[in-house]
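Student: I have just opened this entry and would like a guided tour. Could you take me through it step by step?

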Amino acid sequence: MAKILVSACLLGEKVRYHGGEATLDHPILERWRQEGLIVPVCPEVEGGLPIPRPPAEMQGGRGNDVLHKVAFVRRRDGVDVTAAFVRGAEAAVALAREHGITVALLKDLSPSCGSTMVYDGGFSGRRISGEGVAAAALRRAGVRVFSEKQIEEADAIVESRGKR
């Protein structure tokens, strides 16, 4: 069965900006783990950012805009971390290609992994529709990207591919 790219923080790894995790306790994720299907990734860490790190948000657009160099990712203190986010997105795509991955389950709201919602760029806590840099890069590469709230949809695709 095909491997699945999963945000490391959803697997309990303490890689989030604040040094914590966002463990997803779900029977589907546990089954994937037992079947050896999971390839963990944290694009922000892969891009060279430390743990912990200051929070960052996209400004001037969303993930595709960052990849097209018309938007940026900046920390709350104004430091531009766009290059690290792009490197992390490229690393996620390389990992997906290396393992033949076509499905990813990523942490929503992240400026890297958000697949349906991200923050508005003003550090106000306001959520908007959109995707992060790694999610956009993975979609460009043909990977179907799902948020943790869409795990059943992701599993349906994984299961259908396993029955061919």
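Student: How many bridges join strand β5 to β8?
Tutor: Helices (H or I, at least four residues) and strands (E, at least two) are DSSP runs, numbered from the N terminus. Strand β5 covers residues 103-106 and runs parallel to β8. Two strands pair if DSSP finds at least two bridges between them, and the number joining β5 to β8 is 4.

Student: Before we go on, what kind of model is this?
Tutor: Residues are numbered from 1 along each chain as its sequence is written, and side-chain values use heavy atoms, with hydrogens and water left out. Local features need pLDDT of at least 70, side-chain atom pairs count only at pLDDT 80 or more, and totals for chains, interfaces and linings use all residues, for this is a predicted model.

Student: Which residue is the bridge partner of L106 in β8?
Tutor: Recall that β5 and β8 run parallel. L106 belongs to that pairing, and its bridge partner in β8 is S147.

Student: What is the order of the strands in the open sheet?
Tutor: The sheet has 4 strands with parallel pairing. Its edge strands, each pairing on one side only, are β2 (38-41) and β8 (144-147). From one strand to the next the twist averages 25°, where angles run from 0 to 180 degrees between N-to-C directions of axes, lines fitted to C-alpha atoms (for helices over the stretch in contact). Written out, the order is β2-β1-β5-β8.

Student: Which residue of β5 is the bridge partner of L5?
Tutor: β1 and β5 pair in the parallel sense over 2 bridges. For L5, the partner in β5 is A104.

Student: Are the residues V103, A104, L105 and L106 of β5 buried or exposed?
Tutor: V103 and L105 point one way from the strand, while A104 and L106 point the other way. Buried means under 20% relative accessible area, exposed over 50%, and partly exposed in between (1.4 Å probe, protein chains only). On both sides of β5, these residues are all buried.

Student: What is the handedness of the crossover from β1 to β2?
Tutor: β1 and β2 pair in the parallel sense over 4 bridges, and S7 has V41 as its bridge partner in β2. The chain gets from β1 to β2 through helix α1 (residues 27-34), in a β-α-β crossover. A crossover is right-handed if, with the strands pointing away from the viewer, the path from the first strand over the helix to the second runs clockwise. This one is right-handed.

Student: At about what angle to β2 does helix α4 run?
Tutor: Helix α4 (residues 82-99) lies across β1 (4-7) and β2. Its direction relative to β2 is about 165°.

Student: How many of the residues of helix α5 are buried?
Tutor: Helix α5 spans residues 133-140. The buried ones are V133, A134, A135, A136, A137 and L138.

Student: Which residue takes a positive phi just after α5?
Tutor: The phi there is about 95°. The residue is G142.

Student: How far apart in sequence are the parts that K107 and E148 tie together?
Tutor: The side chains of K107 and E148 meet in a salt bridge (2.9 Å, N to O), a term for a side-chain nitrogen of Lys or Arg within 4 Å of a carboxyl oxygen of Asp or Glu. K107 is buried, with a relative accessible area of 15%, and E148 counts as buried at 12%. K107 lies in the loop between β5 and β6 (117-119) and E148 in the loop between β8 and α6, so the parts they tie together are apart by 41 residues.

Student: Which residue meets E44 in a salt bridge?
Tutor: E44 is buried, with a relative accessible area of 10%. The N to O distance of the bridge is 2.9 Å, and the partner of E44 is R53.

Student: How many salt bridges does the count come to?
Tutor: One of them joins D77 to R75, the closest N and O atoms being 2.6 Å apart. The count comes to 8.

Conventions
Contact means heavy atoms within 4.5 Å.
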